[in-house]
Amino acid sequence: VDRIYIGHIPEVGDLALTGGGVTFPIITLVSAFAAFAGQGGAPLAAIQLGAGKKDQAERILGNSLALLLMTAAVLTVGFSAFKEPILRAFGASDATIGYASSYIGIYLLGTVFVQLALGLNTFISAQGKAMTAMLSVLIGAVINIVLDPVFIFALDMGVRGAALATVLSQMELGREIPEELYQAIVEIYVYFLNFDPKDPEKFRR
């Protein structure tokens, strides 16, 4: 969606569009890690729910959430620290590196929202709430479409506005996640507060 508007930025649209395209591998990697935790954990949680083992399903959900948060932190720090050499390795030139760096710099600040929105969405479907999962994605996409021209053109933020619109749309997508999923946060706290390395089964009792 961003690239539709970025390409129409006056005078520098072509360079800005190329710079945005160079960031695609990084964005794909961020999404891949979200899918790794979400699409791996959701089927396991669904199996446990089907077996009537709600506690085990919540534990899987909590572990997946912890993995999403940890990968978000690592990806944000890692890509932010080495974004310029990484972008140049992906093909950014002196003419496009500024646009690529500006876009991905803001996008990476919202990595945690992307991870949670994409990673936890599969758990919504796993609970049999396919309509909620679909609407959450649709709402995020619509918000992105609406905010892009506002930030890019009305506020004259250019590619930074496009990245900001994407991050905000992912934040809104996260708000559509059912309240039950947020109980996973409590599960994580309970786990770490009660976990005993000498007695790994303690949490289950």
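Biologist: Which residues are buried in α7?

Modeller: This is a predicted model, so every value here is computed from predicted coordinates. Buried means under 20% relative accessible area. In α7 the residues that count as buried are Thr-111, Val-114, Gln-115, Ala-117, Gly-119, Leu-120, Asn-121, Phe-123 and Ile-124.

Biologist: What is the relative accessibility of Thr-111, and which residues is Thr-111 in contact with beyond its neighbours within four places in sequence?

Modeller: Thr-111 is found in helix α7. Its relative accessibility is 0%, so it counts as buried. Contact means heavy atoms within 4.5 Å. With neighbours within four places in sequence left aside, the contacts of Thr-111 are Val-30, Ala-72, Leu-75 and Thr-76.

Biologist: How many residues has helix α7, and what span is expected at 1.5 Å a residue?

Modeller: The expected span of a helix is 1.5 Å times one less than its number of residues. Helix α7 (residues 111-126) has 16 residues, for which 22 Å is expected; from first C-alpha to last it reaches 23 Å, which is close. After α7 comes Gly-128, with a positive phi near 85°.

Biologist: How far apart are the end C-alpha atoms of helix α6?

Modeller: They are 18 Å apart; the 13 residues of α6 (residues 97-109) should span 18 Å at 1.5 Å a residue, so the two agree. Ile-97, Ala-100, Ser-101, Tyr-103, Ile-104, Gly-105, Tyr-107 and Leu-108 are the buried residues in α6.

Biologist: How many helices and how many strands does the chain have?

Modeller: It has ten helices and zero strands. Read from the N terminus, the order is α-α-α-α-α-α-α-α-α-α. Of its 205 residues, 40% count as buried. Among contacts between residues at least 6 apart in sequence, 72% join residues at least 24 apart.

Biologist: Which residues have the most contacts inside the largest nonpolar core?

Modeller: A nonpolar core is a set of buried nonpolar residues joined through side-chain atoms within 4.5 Å. The largest one here has 23 residues, and Ile-6, Leu-87, Tyr-103 and Ile-104 have the most contacts inside it. At least two residues of this core come from each of α1 (2-6), α2 (13-22), α3 (24-50), α4 (54-81), α6 and α9 (159-175). The helix that gives the most is α6, with six residues.

Biologist: Which residues does Tyr-103 touch, not counting those up to four places away in sequence?

Modeller: Tyr-103 touches Asp-2, Ile-6, Thr-23, Ile-27, Val-159, Ala-162, Ala-163 and Thr-166.

Biologist: How many salt bridges does the structure hold?

Modeller: A salt bridge needs a side-chain nitrogen of Lys or Arg within 4 Å of a carboxyl oxygen of Asp or Glu. The structure holds two. In one, Glu-84 pairs with Arg-88, with the closest N and O atoms 3.6 Å apart. Glu-84 and Arg-88 are four residues apart in helix α5 (residues 83-89), so about one helical turn separates them. The other joins the side chains of Arg-88 and Asp-94, at 3.1 Å from N to O. Through shared partners, Glu-84, Arg-88 and Asp-94 form one network.

Biologist: Which residues make the nonpolar surface patch?

Modeller: Met-131, Met-134, Leu-135, Leu-138, Val-142 and Val-146 make a patch of about 550 Å². Leu-138 lies in helix α8 (residues 130-154). Its relative accessible area is 48%, so it is partly exposed. For the whole chain, the accessible surface comes to about 10,800 Å², and carbon and sulfur atoms account for 67% of that.

Biologist: Is Ser-136 buried or exposed?

Modeller: Ser-136 also lies in helix α8. At 1% relative accessibility, it counts as buried. The C-alpha atoms of Ser-136 and Asn-121 are separated by 8.1 Å, and the two residues are 15 residues apart along the chain.

Technical notes: Residues are numbered from 1 along each chain as its sequence is written. This is a predicted model: local features need pLDDT of at least 70, side-chain atom pairs count only at pLDDT 80 or more; totals for chains, interfaces and linings use all residues. Side-chain values use heavy atoms; hydrogens and water are left out. Buried means under 20% relative accessible area, exposed over 50%, partly exposed in between (1.4 Å probe, protein chains only). Accessible areas come from the Shrake-Rupley method with a 1.4 Å probe; for residues, only the protein chains shown count as cover. Patches are made of residues with over 30% relative accessible area and no salt bridge: like charges are joined within 9 Å, nonpolar side chains (Val, Leu, Ile, Met, Phe, Trp, Tyr) within 5 Å.
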